[in-house]
Amino acid sequence: MAALISTYAVADRPLRAHPSVGETISQTLTMARRAYIKMMRNPEQFFDVTIQPLLFTAMFAYIFGGAISGDVQSYLPTIITGILAQTALTASMARGTQLREDMDKGVFDRFKALPIARIAPLAGPAVADLLRYGIAATLTIVVGLLMGYRPGGGVGGVLAGWALTIFAGWSLSWIFTWLGTVMKTAGGVQGLGMMIMFPLTFLSPAFVPKETMPDWLQHFVDVNPVTLVINATRDLMNAGEVTMSVVWALVGCAAVVAIFAPLSVWSYSKKL
Amino acid sequence: MTTNSELAVSASGLVKTFGDFTAVDGIDLEIRRGEVFGVLGPNGAGKTTTLKMLATLLSIDAGSAEIFGVDVKAYPHQVRQLVGVTGQYASVDENLTATENLVLFGRLLGMSGKAARAASEELLESFGLEEAAKRQISKFSGGMRRRLDLAASLLSRPPLIFLDEPTTGLDPRTRGQMWDTIRTLVAGGSTVLLTTQYLDEADQLADRIAVIDRGVKVAEGTSEQLKTSVGSSTLHLRLSDKSQIAAAAAVVEKVTGDRPVLTPEAGGVNVPLADADRAADVLIGLRHADISITTANVQQPTLDEVFLALTGHGTESAENPEQTDRNIHTEEVA
């Protein structure tokens with residue numbers, strides 16, 4: 001024990017000024033692994049990305065299909081892409097509540113005391129969550145195909161839409177990560193998350209054509225980042241085209257990350 | 001950047017306020033390399049807040065601190081490379097196993113997966129936790145958590161270790177184990193900053209002790225110096241025959257030169273002693289006077305007495321552990 005516990009002479013250790021980019025990536029992946037192990041130990045964390053897409057896809061298709069598109073079959077290109085965006089958003093919302101709960105635990109004190117990049121404890125779980133978005137997107141598309149959805153974009157278009165959904169979920173999760181670092185309780189994050197999620201999902205062309213909404217509402221719909229993602233997914237999956245919508249969706253997602261990732265790190269570091 | 005200070009910790013005028021409440025109000029500390037320094041004080045005295053400021057876990061509102069000559073405010077990332085922190089509440093991940101926790105922290109510190117697993121195995125063995133290696137922490141006892149927490153702090157072999165109330169809430173046996181572990185640590189040459197509410201813990205482990213009360217340092221010295229400054233031990237006697245109490249008091253006064261404190265209803269005689277050796281003289285004197293006793297014990301000054309002597313008030317929060325720092329202080333203000 002004595003040998004192990006002995007410490008190096010202080011002067012022997014060169015102190016690093018900052019974590020390098022390589023270290024930051026390695027630390028983030030280590031944190032992702034921690035989140036992944038925890039996820040596997042707590043299968044409840046998969047409810048929202050398994051049962052919800054199955055339920056919502058079937059439910060919304062059969063309820064709204066006839067009213068909006070005349071029949072379920074012709075509604076599928078609309079609803080599947082809409083549900084994809086919706087699941088990405090709800091799945092990313094969980095990031096905020098989980099981070100808040102996690103930060104209240106003792107282990108975060110240790111993360112703060114370790115000489116590691118401040119972003120690693122925030123970005124790691126976000127990386128692990130890619131698995132959740134992947135499951136949600138895959139299930140939604142599979143259910144759609146089983147119900148008779150025949151995407152015009154072919155395999156390539158569907159894969160591109162699938163990847164865009166995952167990227168969107170990851171990007172939007174930074175909004176909720178930030179909420180997790182500023183709010184005091186997990187319940188608060190959950191409540192505020194809902195208030196953000198519902199308008200973003202329903203004030204978009206996810207379920208109904210934009211044209212059926214009042215003019216003033218359409219203005220909001222146009223600037224809603226979820227609208228950008230939905231339009232892009234539709235162009236990719238239903239038409240197989242890489243349009244300006246796709247570019248705008250990527251730019252929008254990148255902008256969300258560029259704003260909320262630094263805000264999250266700043267607010268997390270300030271809480272020290 | 002390398003370090004070359006003779007002092008492991010050098011802090012002056014540390015201040016931390018939370019709103020209107022000043023948790024730490026101008027504390028100076030100097031801790032030499034290789035020593036165990038105890039910070040002693042009741043709940044809410046500002047011990048943990050001081051330690052958290054030194055460990056970069058809380059911002060320093062005023063004053064300055066250096067760890068091995070590295071400025072804490074200016075170079076937090078460097079300071080984190082020099083300090084291992086073990087908190088009041090185990091800072092390990094509940095949902096991971098002991099091994100997974102240690103490997104996680106090892107990887108974060110830049111070890112390869114293989115090195116992290118080897119270090120984890122070695123530490124778990126040293127701390128007698130190898131059988132629990134594959135168990136989730138949520139199934140650990142309090143003592144095991146603390147030991148794992150300490151093991152995690154040692155992964156990087158930090159030259160300075162902060163132990164924040166390492167035995168608070170542990171049963172006496174586990175407490176003894178923790179003390180042994182800390183002694184081994186010190187034998188290995190680490191510098192340790194220890195906070196505690198227990199005088200005997202500081203007495204057992206620390207080379208020097210600072211007594212903190214309401215965010216202010218009220219005394220500093222070796223445990224011997226502190227106890228001497230607080231005065232005396234007390235010999236508590238109980239007489240077989242209560243009617244002999246006056247005679248007993250006379251004997252005591254003759255032997256020690258001081259008047260004892262009497263509790264006649266219980267036949268109790270409490271003798272303040274400048275020196276614990278004087279207890280034998282008192283007992284011999286009573287035997288010669290044919291005064292029989294049922295019990296006799298010598299007590300060191302308690303933390304409460306130390307506090308009473310040093311601050312003029314007792315350790316309120318030690319008596320009411322539920323009470324929070326803020327309550328005590330606002331009450332005093334009111």
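Predicted model: local features only at pLDDT ≥ 70, side-chain atom pairs only at ≥ 80, totals over all residues.

Visitor: Which side chain of chain A does the side chain of B:S153 join in a polar contact?

Guide: A polar contact is a pair of N or O atoms within 3.5 Å; within protein, one must be able to donate a hydrogen and the other to accept it, and residues adjacent in sequence count only if both atoms are side-chain atoms. Here the side chains of B:S153 and A:R110 are joined by such a contact at 3.3 Å.

Visitor: Is B:S153 buried or exposed?

Guide: Buried means under 20% relative accessible area, exposed over 50%, and partly exposed in between (1.4 Å probe, protein chains only). B:S153 counts as buried because its relative accessibility is 3%. The residue belongs to helix α5 (residues 142-154) of chain B; helices (H or I, at least four residues) and strands (E, at least two) are DSSP runs, numbered from the N terminus. Leaving aside residues up to four places away in sequence, B:S153 touches A:R110, B:G84, B:V85, B:T86 and B:P158, where contact means heavy atoms within 4.5 Å.

Visitor: How many helices and strands does chain B hold?

Guide: Chain B has 13 helices and 14 strands. Of its 334 residues, 50% are buried.

Visitor: What is the strand order in the open sheet of four strands in chain B?

Guide: Two strands pair if DSSP finds at least two bridges between them. The order in this sheet is β2-β1-β4-β5 (chain B), with antiparallel pairing. Since β2 (21-32) and β5 (70-71) of chain B stand at the edges with a single partner strand each, one side of each is left without a neighbour in the sheet. Helix α1 (residues 47-54) of chain B packs on the sheet and touches β1, β2 and β4 of chain B, and its direction makes about 120° with that of β1(B). Axes are lines fitted to C-alpha atoms, for helices over the stretch in contact, and angles run from 0 to 180 degrees between N-to-C directions. Within the sheet, five bridges link β1 (residues 7-18) and β4 (residues 62-67) of chain B, and B:V15 has B:A62 as its bridge partner in β4(B).

Visitor: Which strands pair with β11(B)?

Guide: In a regular strand the side chains alternate between the two faces of the sheet. Strand β11 (residues 233-239) of chain B has five of its seven residues buried. Antiparallel to it runs β13 (residues 268-273) of chain B, joined by six bridges, with B:T234 opposite B:P272. Strand β14 (residues 293-299) of chain B also pairs with β11(B) in the antiparallel sense over six bridges, and B:R238 stands opposite B:T295 there.

Visitor: What feature does UniProt place at residues 44-271 of chain A?

Guide: UniProt positions are given in the numbering used here, feature names are shortened, and annotations may be inferred rather than shown by experiment. An unreviewed UniProt entry places "domain: ABC transmembrane type-2" at these residues of chain A. In the model, residues 44-271 of chain A are 81% helix and 0% strand.

Conventions
Residues numbered from 1 in each chain as written. Chains lettered and ligands numbered in written order. Heavy atoms only, no water.
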